[in-house]
Amino acid sequence: MSDLMKVSSNPHIRSKTSTSSIMLAVVIALLPAAGFGIYNFGMNALILILVTVLSTVLTEYIFEKILGKKVTIGDYSAVVTGLLLALNLPPSAPWWIGVIGGIFAILVVKMLFGGLGQNFMNPALGARCFLLISYTSIMTNFDCDAYTGATPLAELKSGKAVDVLSMVIGKTSGTIGETSMIAIVIGACILIMLGIIDLRIPGSYIITFVIFVVLFGGHGLDAAYISAHLAGGGLMLGAFFMATDYVTRPVTIKGQYVYGIILGILTGIFRIFGASAEGVSYAIIIGNLLVPIIEKATFPTAFGKGGAKA
Amino acid sequence: MARLTFVGGIHPYDGKNLSKDKPIKAVLPKGDLVYPLSQHIGAPAKPIVEKGDHVLTGQKIAEAGGFVSAPIYATVSGTVKAIEPHRVVTGDSVMSIIVENDGLYEEVEYPVRKPFEDMTKQEIIECVKEAGIVGMGGAGFPTHVKLSPKEPEKIEYVIANCAECEPYLTSDYRRMIEEPEKLVQGLKISLSLFDNARGILAVEDNKPDCIDVLKNLTKNEPRISVKALKTKYPQGAERQLIYAATGRKINSSMLPADAGCIVDNVDTIVAIYHAVVEGKPLMNRIVTVTGDAIADPRNFIVRIGTNYHELIEEAGGFKKDPVKIVSGGPMMGFAIFDLDVPTTKTASALLCLTQDDVSDMEPSACINCGRCVDVCPGRVVPKLLADYAEHYDEEAFLAHDGMECCECGCCSYICPAKRQLTQSIKSMRKMMLAKKKK
């Protein structure tokens, strides 16, 4: 046999999981929330979702084409960003909000920092906060065909009674994808079962937040109040889909718990002491910025290190 | 009680069913035998024969080149054809003794040994040293050095590494099923060197039949216990094995003896038995020839020096064209570009694959998923170490415990972006080690 074989350094086998299979799973896991959003808010929600996803994918494609780089839209990460951003938009927003948001998310937050894996901030959240600041009235107007008036979380903040059951199901006003706790948890279960996310961050985030609400919420152990806080706003979507974003969360295991705890405290501060009823997006963005410090502080001890030499 | 194991690790497709139930078959070499003088860690052996000399099976043809070294024996009878460089599995050219096989297999007279119970410790170690035994799990560290730690009374455990965690490999499994008495006897011999030690047969729990057999054989041996370890790669890595079996941790700068442990592979312990009880030097080993390209995957007992071509032939040749051939397991073995290399003391398998994951999957950007951190048995952060290695950032590499990597390959296996993590870290470690030596 004279044919030369392929050679490379060990190991010689690879797992089947790839970046695109992970991203595709995230897209699938977001579908229940997206589907419920469309069912709940109607046609405009569908249009916003499609336009935003198209905007993120096209931005990545065009950017890479112009710079002569390898086109990476096949890894579906732009789809995830677009979908997440759309789910964070109010259902009555005009279509161009999705376009601008999508361009900002991909171009400014992701590509300018080096593309996939290099962005220090979750692109969807970065874009959402950009839109919130630039188009405040559009982004905070949750009136639509189905609902008028404040979101349940805002009502809760102003001391009004809220219907916890409809908040859990999602038949309330809010952004497209955040209203249904059930749909989001179904998606989260898919990701957990596939081993794509684990409960380190969502678990420590939600538990810390609950403790914070119990201590400082002014309602003590009132189950209805706590449930309303859990089901309301972007907490579930944020905890399971945005705080767990690989690129912008700490890679160290201890650091992930620290990160979750910080997010829980920040969200509690923003929701209870802040001017706005909502605080998940800002909490996660600030958390993103703290990641390098968290990673440094929680760098793991190598196996067998630290012990005295026998 | 939680199952004995370590933190991290992976569960790759194990492929053991291909060859697991195939009994060990002896292979008689037909062509020339090649004995590289460096089949172990340490100084190369020194040839004591010359071109044209006639040698017998079991005759010493090269003596140890120092304390950390091992002699080499002829495994056939025949004539020394040449002493010249020959390619080995790592791709290097190594000075080798080449013996032309006369096909007669005339043997030397092996010395008759008294029962090991009557031998002194020094005599036993001398037997092991003379037999040329080295760690046959892959590292090739001379066993007599391992068996002579500075403070033998501080050794508390002699661990037989029966984990065989590498996918596809079944050589240790067959040895345990077919010759468990030799393994237990060999372990008893090793234990007789260490008065305060207990013996542990550490077996992964995917081999329940081995666990039963060994438990049965050792039920009247108060000093030996069988421990079932969780099946997970790299359970058989020395540091992970010691931790699982004893709860003790060592790092890269420590020896198992620092934690009061001696670890030896199944085949090594059987070789100790052969040397001490039967007076035979290390002349053969079990090699699993397997993979989806092989017509009839099998386990062979192979005379050291046998050409890999002959092993493939014995296994029925190729049923499909192989794309990649690996000497050893898929996680830590060496890919070879040419089959014209000899079986050495450390060659546990010959794996022929019809698909090469490495060249089929192109590396892409790291998405920071953290899978490498989760699976790393060394508890370091492979993705960062690989970054430092790729930028040759020596300082950061060392500061983040780059030298603690055991090159097990888990990070590269699991990486969804298909980055060459182990590979980058490994080359950086090599450079650092070379620098240290200077």
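Me: Which residue in β8(B) does B:P36 stand opposite?
Reply: B:P36 stands opposite B:S96. Keep in mind that this is a predicted model.

Me: OK, and how many bridges join β2(B) to β8(B), and do the strands run parallel or antiparallel?
Reply: There are 4 bridges between β2(B) and strand β8, residues 93-101 of chain B, and the two run antiparallel.

Me: What about the faces of β2(B), covered or open?
Reply: Both faces of β2(B), residues 33-36, are covered. B:L33 and B:Y35 are buried on one side, and B:V34 and B:P36 are buried on the other.

Me: Which strand is β12(B) joined to by 5 bridges?
Reply: Strand β9 of chain B, residues 157-162, and the pair runs parallel. As for residues facing each other there, B:Y157 stands opposite B:C261 in β12(B).

Me: Switching to helices. At what angle do α1(B) and α7(B) pack?
Reply: About 110°, with the axes 9 Å apart. Here α1 covers residues 121-130 and α7 covers residues 266-277, both in chain B. Angles from 65 to 115 degrees count as roughly perpendicular, and α1(B) and α7(B) are therefore roughly perpendicular to each other.

Me: Is that crossing left-handed or right-handed?
Reply: Right-handed, as α1(B) passes α7(B).

Me: And which residues meet there?
Reply: From α1(B) it's B:I124, B:C127 and B:V128, and they meet B:I272, B:A275 and B:V276 of α7(B). By class, that contact has 6 nonpolar residues, no polar ones and no charged ones.

Me: Now the sheet of 6 strands. What's the strand order?
Reply: In chain B it goes β1-β14-β13-β17-β15-β16, an open sheet with mixed pairing. The edge strands are β1 (24-27) and β16 (334-336), each pairing on one side only. From one strand to the next, the twist averages 30°.

Me: How do β13(B) and β17(B) pair, parallel or antiparallel?
Reply: Parallel, over 3 bridges, between residues 284-290 in β13(B) and residues 349-353 in β17(B). One bridge there partners B:T288 with B:A349 in β17(B).

Me: Which strands does α3(B) lie across?
Reply: Helix α3, residues 171-178 of chain B, lies across β1, β13, β14 (298-303) and β17 of that chain. Relative to β13(B), the helix runs at about 125°.

Me: What's the order in the open sheet of 3 strands?
Reply: β3-β5-β6, again in chain B, with antiparallel pairing. β3 (46-47) and β6 (72-73) are at the edges with a single partner strand each, so one side of each has no neighbour in the sheet.

Me: How many bridges hold β3(B) and β5(B) in their pairing?
Reply: 2 bridges, in the antiparallel sense, with β5(B) spanning residues 60-63. There, B:P47 has B:A62 in β5(B) as its bridge partner.

Me: Last one, the two chains. How many residues of each are in contact?
Reply: 34 residues of chain A are in contact with 53 residues of chain B. The chain A side divides into 16 nonpolar, 14 polar and 4 charged residues.

Definitions and conventions: Residues are numbered from 1 along each chain as its sequence is written. Chains are lettered from A and ligands numbered from 1 in the order in which they are written. This is a predicted model: local features need pLDDT of at least 70, side-chain atom pairs count only at pLDDT 80 or more; totals for chains, interfaces and linings use all residues. Two residues are in contact if their C-beta atoms, placed from the backbone, lie within 7 Å. Ala, Val, Leu, Ile, Met, Phe, Trp, Tyr, Cys and Pro count as nonpolar, Asp, Glu, Lys and Arg as charged, and the others, Gly among them, as polar. Axes are lines fitted to C-alpha atoms, for helices over the stretch in contact, and angles run from 0 to 180 degrees between N-to-C directions. Angles under 35 degrees count as roughly parallel, over 145 as roughly antiparallel, 65 to 115 as roughly perpendicular and the rest as oblique. A crossing is left-handed if the near helix is turned anticlockwise from the far one by less than a right angle, and right-handed if clockwise. Two strands pair if DSSP finds at least two bridges between them. A residue is buried if 20 or more other C-beta atoms lie within 10 Å of its own, exposed if 12 or fewer, and partly exposed in between; C-beta atoms are placed from the backbone.
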